[in-house]
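Visitor: Hi! Could you walk me through this model?
Guide: Happy to, let's have a look together.

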Amino acid sequence: MTERLYLADDTMTAFEATVERVLSDPDRVVLDRTHFYPTGGGQPHDTGTIRVADDDGDARWRVVDVEMRDTVYHEIEPVDGADGENGETGGPDESPALPEPGTEVACEVDADRRAAHSRYHTAQHLLSALLLDEFDARTTGNQLYADRARLDAEYDRFTDDDLDRIEARINELVADGRPVSSYTMDRETAEATLDTYRTRIDLLPDSIEELRIVEIAGADDADEPYDRTACAGTHVANTADIGEVVVTGRETKGPEEERVRFALAEHVDAD
């Protein structure tokens with residue numbers, strides 16, 4: 001099983017690893033350790049590059065997909081050494097051979113994409129806690145992108161006034177600058193000591209025996225966390241790192257289920 005380094009430190013974007021397995025159709029590698037986040041929990045996969053560590057950068061591949069199954073699989077495409085600095089993919093005649101098992105590789109995660117996903121994922125946690133506390137609306141699903149996000153919740157219908165209130169409140173929480181932290185806990189202890197409804201532990205497969213808990217601090221040190229959720233995703237270190245959030249709309253998804261769309265202000269302005 002690949003050691004998933006991002007669970008302990010989701011700020012690192014450069015690391016070294018050893019190739020353990022190589023697969024084809026499509027070309028994929030399994031590493032002994034990785035900071036590349038695989039698609040899951042509503043968060044898209046990381047992208048980036050892998051190169052042979054002792055090859056002066058000539059043998060390089062672009063990581064185009066990351067998938068978690070029995071272990072973490074990195075789908076790769078060759079990058080031509082001459083054009084690699086511009087991210088251009090080489091042609092068939094220029095493609096380096098796939099790295100052999102045992103090869104030491106230097107890896108780099110696309111930092112901008114990771115940062116955007118971390119900001120949106122932490123904003124989603126704030127929004128989930130807010131909707132549960134102030135509307136008794138439990139999150140049923142979410143999807144994050146690098147420039148927008150959406151959240152589904154158990155609720156009849158949010159009005160325009162509700163959306164204005166939600167936007168104002170989430171930005172208050174962002175401006176509070178609340179620390180965000182994580183730790184691991186075995187499932188049995190978590191189920192015995194934590195609110196499984198709020199932490200959404202009850203939604204996780206029974207096969208997951210060790211949980212990563214992400215907490216957003218309360219208003220004061222003595223307060224309970226504002227949010228405490230079982231989550232393997234990446235996050236910012238402080239809510240202030242999210243930036244201004246804009247609620248961009250809503251839609252009804254079914255009986256007593258609403259979808260709320262939101263984006264960072266910089267991405268709304270870019271449109």
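Predicted model: local features only at pLDDT ≥ 70, side-chain atom pairs only at ≥ 80, totals over all residues.

Visitor: Let's start with Gln-124. Where is Gln-124 found?
Guide: Gln-124 is found in helix 1. Helices here are DSSP runs of H or I with at least four residues, strands are E runs of at least two, and both are numbered from the N terminus. Residues are numbered from 1 along each chain as its sequence is written, and side-chain values use heavy atoms, with hydrogens and water left out.

Visitor: Does Gln-124 count as buried or exposed?
Guide: Gln-124 counts as buried because its relative accessibility is 2%. Buried means under 20% relative accessible area, exposed means over 50%, and partly exposed is in between, using a 1.4 Å probe and protein chains only.

Visitor: And what is Gln-124 in contact with?
Guide: Leaving aside neighbours within four places in sequence, Gln-124 has contacts with Asn-142, Leu-144, Leu-151, Arg-200 and Phe-262. Contact means heavy atoms within 4.5 Å. Ala-149 is 25 residues from Gln-124 in sequence, with 8.0 Å between their C-alpha atoms.

Visitor: Let's zoom out. How many helices and strands are there?
Guide: The protein has five helices and 15 strands.

Visitor: What about its overall dimensions?
Guide: The C-alpha trace spans about 60 × 45 × 35 Å along its principal axes. The radius of gyration is 20 Å, which agrees with the value near 18 Å that a compact globule of 271 residues would have. That radius is taken over C-alpha atoms, and the globule rule is 2.2 Å times the number of residues to the power 0.38.

Visitor: How much of it is buried?
Guide: Of the 271 residues, 45% count as buried. Among contacts between residues at least 6 apart in sequence, 63% join residues at least 24 apart.

Visitor: Which residues have the most contacts inside the largest nonpolar core?
Guide: Leu-131 and Ile-166 do, in a core of 32 residues. Helix 1 (111–135), strand 10 (149–154), helix 2 (160–175), strand 12 (210–216), strand 14 (245–254) and strand 15 (257–264) each supply at least two residues of this core. Helix 1 gives the most, with eight residues. A nonpolar core here is a set of buried Ala, Val, Leu, Ile, Met, Phe, Trp, Tyr and Cys residues joined through side-chain atoms within 4.5 Å.

Visitor: What does Ile-166 touch?
Guide: Not counting residues up to four places away in sequence, Ile-166 touches Leu-127, Leu-130, Leu-131, Phe-135, Phe-158 and Val-247. Apart from this core lies another, of 18 residues, including Phe-15, Phe-36, Val-63 and Val-109.

Visitor: Why would nonpolar side chains be together like that?
Guide: In soluble globular proteins, nonpolar side chains tend to be buried together.

Visitor: Switching to loops, where is Thr-239?
Guide: Thr-239 is in the loop between strand 13 (227–230) and strand 14. Thr-239 counts as buried because its relative accessibility is 0%. Not counting residues up to four places away in sequence, Thr-239 touches Leu-126, Leu-173, Val-174, Asp-176, Gly-177, Arg-178, Val-180 and Ile-216.
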